[in-house]
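Please summarise the fold, the surface and the local geometry of this chain. A short report follows the display.

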Amino acid sequence: MKGTIFAVALNHRSQLDAWREAFQQAPYKTPPKTAVWFIKPRNTVIGNGEAIPYPQGETVQS
């Protein structure tokens, strides 16, 4: 899995607070009890300063 980034989300109170409303919705219905691990495979990583591709009408958190 060379080039894969392993990361932790929601490991800081500010992140959990920012997502609190979303966690009340399906499918979650409650905030996680611990930090959330996720991966970014090498085909999802872009270079410094490159534009982030995402569907029109969507937003990204930087």
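## Fold and model basis

From the N terminus on, the elements of the protein chain run β-α-β. The radius of gyration is 14 Å, well over the 11 Å that the globule rule gives for 62 residues, so the chain is more spread out than a compact globule. That radius is taken over C-alpha atoms, and the globule rule is 2.2 Å times the number of residues to the power 0.38. The chain holds one helix and two strands. These are DSSP runs, numbered from the N terminus: helices are H or I with at least four residues, strands are E with at least two.

This is a predicted model: local features need pLDDT of at least 70, side-chain atom pairs count only at pLDDT 80 or more, and totals for chains, interfaces and linings use all residues. Residues are numbered from 1 along each chain as its sequence is written, and side-chain values use heavy atoms, with hydrogens and water left out.

## Extent and contacts

Along the principal axes, the C-alpha atoms fill a box of roughly 35 × 30 × 20 Å. Take contacts (heavy atoms within 4.5 Å) between residues at least 6 apart in sequence: 59% join residues at least 24 apart.

## Surface and charge

Of the 62 residues, 10% count as buried. Buried means under 20% relative accessible area, exposed over 50%, and partly exposed in between (1.4 Å probe, protein chains only). The chain exposes about 5700 Å², and carbon and sulfur atoms supply 55% of it. Accessible areas come from the Shrake-Rupley method with a 1.4 Å probe; for residues, only the protein chains shown count as cover.

There are 7 positive and 4 negative side chains. Lys and Arg count as positive, Asp and Glu as negative; His and the chain ends are not counted. The centres of the two sets lie 12 Å apart, with each charge placed at NZ of Lys, CZ of Arg, CG of Asp or CD of Glu.

## The aromatic pair

The structure holds one aromatic pair. Phenylalanine 23 and tyrosine 28 form it, edge-to-face, at 5.4 Å centre to centre and 85° between the planes. Rings of Phe, Tyr and Trp (its six-membered ring) pair if their centres lie within 6.5 Å; planes under 30 degrees apart count as stacked, over 60 as edge-to-face and the rest as tilted. Phenylalanine 23 is buried, with a relative accessible area of 9%.

## Backbone exceptions

Most residues other than glycine have a negative phi, and most peptide bonds are trans. The bond from alanine 26 to proline 27 is cis, with omega near 5°. Proline 27 lies in the loop between helix 1 (13-23) and strand 2 (36-40).

Lysine 29 lies in the loop between helix 1 and strand 2. Its phi is positive, about 70°, although lysine 29 is not a glycine. Lysine 29 is exposed, with a relative accessible area of 57%.
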